[in-house]
Amino acid sequence: MDKQSWDEMYRSRDRVFSGAPNGVLVTEVTDLPPGQALDVGCGEGADALWLARRGWQVTAVDISQAALQRAAAAAAAATDFTGRVAWTQADLTSTPPPVGAFDLVSAHYFPLPHQPDHTALRGLLDAVAPGGTLLFSTHDLADLAPRPEQGFDPRDYYQPDDIARLLDHNWTVLINETRPRTAPAPAGTHHTRDTVPRARRLR
């Protein structure tokens, strides 16, 4: 899906997501000291707002301007934090974030397609500062069925093991596991498990 497709999806309904932060984020980040965070594919902003309320300075990035407008409106209505989220329109599959700028790079169910040189994924890895955390969550591949009529094959997108293979001696993998979802499956899906890689950059 391109920018236009994502904009059309968001404009087609009043709310796409639940408004609650992703369960993996809450589980894995609650005990981390706040710093600079990159929220990859921020959508309607629930993760970014959750992080900001806990003291993080958040760069929330999405390809969809419609999603960002909705997220910014939710932030404007909040009263428990100010100025901690920068809403940024960008395509992270082609425009990498700043190198070494973030104590947390968080991506949940972000559809990142395979590239021969892994440019987009390496851009996200490079954005993690020394001592920082990389956190991904994806739907378990076993819960995803190809949809040939829509040109969709889940194997075309990065999975946790793909990410782990790109981490060199500068990283330590803390978690790489499949676990039950903490929230009900989205309507019309059978997503019952998440795969979660979490790693820390050593230097």
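These legends walk through several close-up views of a predicted model. Residues are numbered from 1 along each chain as its sequence is written, and side-chain values use heavy atoms, with hydrogens and water left out. Because this is a predicted model, local features need pLDDT of at least 70 and side-chain atom pairs count only at pLDDT 80 or more, while totals for chains, interfaces and linings use all residues.

**View 1. Seven strands make an open sheet.**
Read across the sheet and the order is E3-E2-E1-E4-E5-E7-E6, with mixed pairing. Helices (H or I, at least four residues) and strands (E, at least two) are DSSP runs, numbered from the N terminus; two strands pair if DSSP finds at least two bridges between them. Strand E3 (85-89) and strand E6 (171-180) sit at the edges with a single partner strand each, so one side of each has no neighbour in the sheet. From one strand to the next, the twist averages 15°; axes are lines fitted to C-alpha atoms, for helices over the stretch in contact, and angles run from 0 to 180 degrees between N-to-C directions.

**View 2. Strands E1 and E4 pair side by side.**
Here E1 (residues 36-40) meets E4 (residues 102-108) in the parallel sense, over four bridges. Look for leucine 38: its bridge partner in E4 is valine 105.

**View 3. Helix H4 lies across E2 and E3.**
With 13 residues, H4 reaches 19 Å from its first C-alpha to its last, close to the expected 18 Å (1.5 Å times one less than its number of residues). Ala66, Ala67, Leu68, Ala71 and Ala75 of H4 are buried, meaning under 20% relative accessible area, with exposed being over 50% and partly exposed in between (1.4 Å probe, protein chains only). Their cover includes helix H1 (3-11), helix H3 (46-53), E2 and E3; contact means heavy atoms within 4.5 Å.

**View 4. The largest nonpolar core has 24 residues.**
A nonpolar core is a set of buried Ala, Val, Leu, Ile, Met, Phe, Trp, Tyr and Cys residues joined through side-chain atoms within 4.5 Å. Val40, Val105, Leu121 and Leu134 touch the most other members. E1, E4, helix H5 (119-126) and strand E5 (128-139) each give two or more residues, and H5 gives the most, with four. Leaving aside neighbours within four places in sequence, leucine 134 is in contact with residues including Val105, Leu125, Ile163 and Trp171. Apart from this core lies another, of 22 residues, among them Leu32, Ala52, Val58 and Val196.

**View 5. Arginine 179 has salt bridges to glutamate 28 and glutamate 177.**
A salt bridge is a side-chain nitrogen of Lys or Arg within 4 Å of a carboxyl oxygen of Asp or Glu, and the count comes to nine. Glutamate 28 and arginine 179 meet at 2.9 Å, N to O. That pair links helix H2 (residues 23-29) with strand E6, 151 residues apart. Glutamate 28 counts as buried at 8% relative accessibility, as does arginine 179 at 14%. The closest N and O atoms of arginine 179 and glutamate 177 are 2.8 Å apart, and glutamate 177 is partly exposed at 37%.

**View 6. Aspartate 194 and arginine 181 meet in a salt bridge.**
The N to O distance here is 3.8 Å. Aspartate 194 is in strand E7 (residues 193-201), and arginine 181 is in the loop between E6 and E7, 13 residues apart. Both residues are buried.
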